Amino acid sequence: MKGKHKKVLQSIFETPVNSSIVWKDIEALFIALGAEISEGRGSRVRVALNGIRAVFHRPHPKKETDKGAVISVRRLLKEAGVEPC
């Protein structure tokens, strides 16, 4: 995992919840972790990581992810066994 991916992972687990994470960076982190990503209807994105599945909505018109989505991403990562060092 590259340094940028580690920074994104750490920002996902920050308290209070960070709402300035760019969605494209989260998707790049998923790919770096070996997740399978597929497109759903509209802005939906399906993610499968270590046997755990989730569906997210790409933010629009802004590129930053809202707090609720960051919490959901955090939950997916925890359930998949991924946490920052």
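**Close-up 1. The hairpin of β1 and β2 in this predicted model.** Four residues lie between the two strands of this hairpin. Strand β1 covers residues 36-39, and strand β2 covers residues 44-49. The two run antiparallel and are joined by four bridges. Look for glutamate 36: alanine 48 in β2 stands opposite.

**Close-up 2. The pairing of β2 with β3.** Six bridges link these two strands, again in the antiparallel sense. Find arginine 46 and follow its bridge across to β3, where the partner is valine 55.

**Close-up 3. The open sheet.** Three strands make up this sheet, in the order β1-β2-β3, with antiparallel pairing. The edges belong to β1 and β3 (52-57). Each of these has a single partner strand, so one side of each is left without a neighbour in the sheet. On average, neighbouring strands are turned by 20° against each other, direction ignored. Strands of a sheet pair through backbone hydrogen bonds.

**Close-up 4. Helix α3 on the sheet.** Helix α3 packs on the sheet and touches β2 and β3. The direction of α3 makes about 165° with that of β3.

**Close-up 5. The buried residues of helix α1.** Helix α1 spans residues 3-12. Its buried residues are His5, Val8, Leu9, Ser11 and Ile12. Why do they sit on the same side of α1? They cover an arc of only 165° around the axis, which puts them on that same side.

How values were computed: Residues numbered from 1 in each chain as written. Predicted model: local features only at pLDDT ≥ 70, side-chain atom pairs only at ≥ 80, totals over all residues. Heavy atoms only, no water. Buried < 20%, exposed > 50% of the residue type's maximum accessible area, 1.4 Å probe, protein only. Arc of directions from axis to C-beta. Pairing = 2+ DSSP bridges. Axes fitted to C-alpha atoms, helices over the stretch in contact; angles between N-to-C directions. Contact = heavy atoms within 4.5 Å.
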